[in-house]
Amino acid sequence: MKITDVVTFRVYGRYTGPNFPPGNRQAKALDLYPEFNTEGDTSVKEKPISAIYVEIQTDEGVSGLFGPIEEPNAFTINHTLKPFLIGRDPLATELLSDQMLRMDRHGHSGYFVTGVSSIDIALWDLKGKAWNQPVYRLLGGPTRPAVPAYASMLGFSTQPEDAAKLAAEHKDKGYTAQKWFFRYGPGDGTDGMTRNLAMAYAVREAVGPGYTLMFDAFWGWDLAYATEMVQQLEAIEPRWMEEPVPPERIGSFRRLRAASRVPIATGEHVYTRWQTKELLTAEAVDVLQNDPDWTGGISEQVKICALASAFEIPVIAHGHSLLPALHVAAAQSPSTVPYVEFLLRYQEVKQFFQTTVYRPENGMVTPPTLPGLGLVLDEGKIERRESL
Ligand SMILES: [Mg+2]
């Protein structure tokens with residue numbers, strides 16, 4: 001079998017599902033500057049949406065599909081990876097992964113690796129279709145019939161009363177864990193910190209002691225602010241504090257771990273097993289969150305799981321999309337991958353163009369049994385399609 005073409009395309013449609021983003025947003029690093037510390041436009045009434053996919057085609061008619069991917073990934077694919085892939089054996093995923101990660105002098109992190117990730121995931125979809133098996137079976141699974149999903153509450157109101165009500169509702173829906181997002185950071189002064197803490201304490205009170213609760217700062221803070229926050233959060237026992245500072249600040253992560261009993265998580269902006277190793281050997285994290293969509297693909301995510309398991313650190317993938325992380329989770333020990341993340345608002349939109357929107361039921365998500373990833377586009381929802 002040989003790769004004959006790699007195509008990227010954008011599909012357009014009209015979103016009809018619930019919870020259209022933008023909703024309430026999280027803190028971000030640029031908020032330090034008042035001109036960037038503004039609310040998004042939440043008055044959107046029209047709901048036109050689009051999404052980019054990549055398809056790998058072969059001379060035997062089998063193809064691999066993955067998306068939505070980001071526009072810079074399509075650029076990397078079309079300008080660098082596609083010419084490299086045409087004529088190659090698509091089933092040799094380990095060879096292609098190793099070679100793609102050696103291709104570009106600036107390509108050890110960031111958008112080059114996210115582009116490689118898109119291709120690697122599409123290759124796994126192709127291999128599953130060629131061998132008529134879901135990806136988790138090719139990876140050695142299933143290790144369990146369904147994987148616990150934690151409810152990731154990005155986009156919902158962070159007003160303490162609203163957040164408390166939603167937290168209680170989602171606990172009642174069967175979710176055994178939830179993550180809430182802080183809106184405020186160093187640019188918002190002591191008032192912002194007070195509001196952050198009011199939200200966190202209200203959510204804890206709503207779900208009760210012992211319930212698994214996490215918080216995310218989307219690398220929007222600095223070490224001093226993060227230290228104050230984790231010390232103030234210690235009493236409500238978060239399962240983790242996520243991305244308090246940018247992930248390359250390994251020394252800051254170490255100091256934060258020493259500053260309180262709150263476990264520290266990062267990884268969604270960490271690329272490949274080598275960057276992950278630096279966090280592990282420095283004892284800088286309690287939970288890793290590499291995302292197969294970004295860290296190098298399914299091939300790399302599996303290696304990161306093996307590496308992390310030897311350090312007794314769980315890998316709870318960031319939930320950019322659901323399916324790649326879900327297939328990996330379903331083929332890993334529950335000790336290594338105890339949860340997948342499910343972004344309640346964003347997954348509805350990201351999966352809109354699929355025939356099936358995969359969601360947790362009673363807090364558990366069952367991996368698709370279709371060959372490959374289980375991602376099938378619904379032509380009925382696609383009004384227009386354009387090549388990139
Ligand atoms: Mg995050």
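**Basis.** I number residues from 1 along each chain as its sequence is written. Because the model is predicted, I take local features only at pLDDT of at least 70 and side-chain atom pairs only at pLDDT 80 or more, while totals for chains, interfaces and linings use all residues.

**Domains.** I looked up the domain assignment, whose bounds come from an automatic or database source. For the protein chain it gives domain 1 (3-132) and domain 2 (137-378). I find their C-alpha centres 21 Å apart. The contact between them takes 45 residues from domain 1 and 44 residues from domain 2, where two residues are in contact if their C-beta atoms, placed from the backbone, lie within 7 Å.

I then asked which elements give two or more residues to the side of domain 1 that touches domain 2. They are strand S1 (3-14), strand S2 (48-58), S3, helix H2 (93-100) and H3; helices (H or I, at least four residues) and strands (E, at least two) are DSSP runs, numbered from the N terminus. H3 supplies the largest share of this side, 13 residues. By class I list 20 nonpolar, 17 polar and eight charged residues there. Nonpolar covers Ala, Val, Leu, Ile, Met, Phe, Trp, Tyr, Cys and Pro, charged covers Asp, Glu, Lys and Arg, and polar the others, Gly among them.

**Cis peptide bonds.** I note a cis bond from Gly 67 to Pro 68, with omega near -5°. Pro 68 belongs to strand S3 (residues 63-69). A cis bond also joins Gly 141 and Pro 142, with omega about 5°. Pro 142 sits in the loop between helix H4 (135-138) and strand S4 (147-152).

**Positive phi.** Asn 132, not a glycine, has phi near 60° and is placed in the loop between helix H3 (110-131) and H4. I record Asn 132 as exposed because it has 10 C-beta neighbours inside 10 Å; the cut-offs are 12 or fewer for exposed, 20 or more for buried, and partly exposed in between, counting other C-beta atoms, placed from the backbone, within 10 Å. Phe 218 has phi near 45° and lies in the loop between strand S6 (212-216) and helix H7 (223-233). With 19 C-beta neighbours inside 10 Å, Phe 218 counts as partly exposed.

**Helix H11.** Just after H11, Glu 312 takes a positive phi of about 60°.
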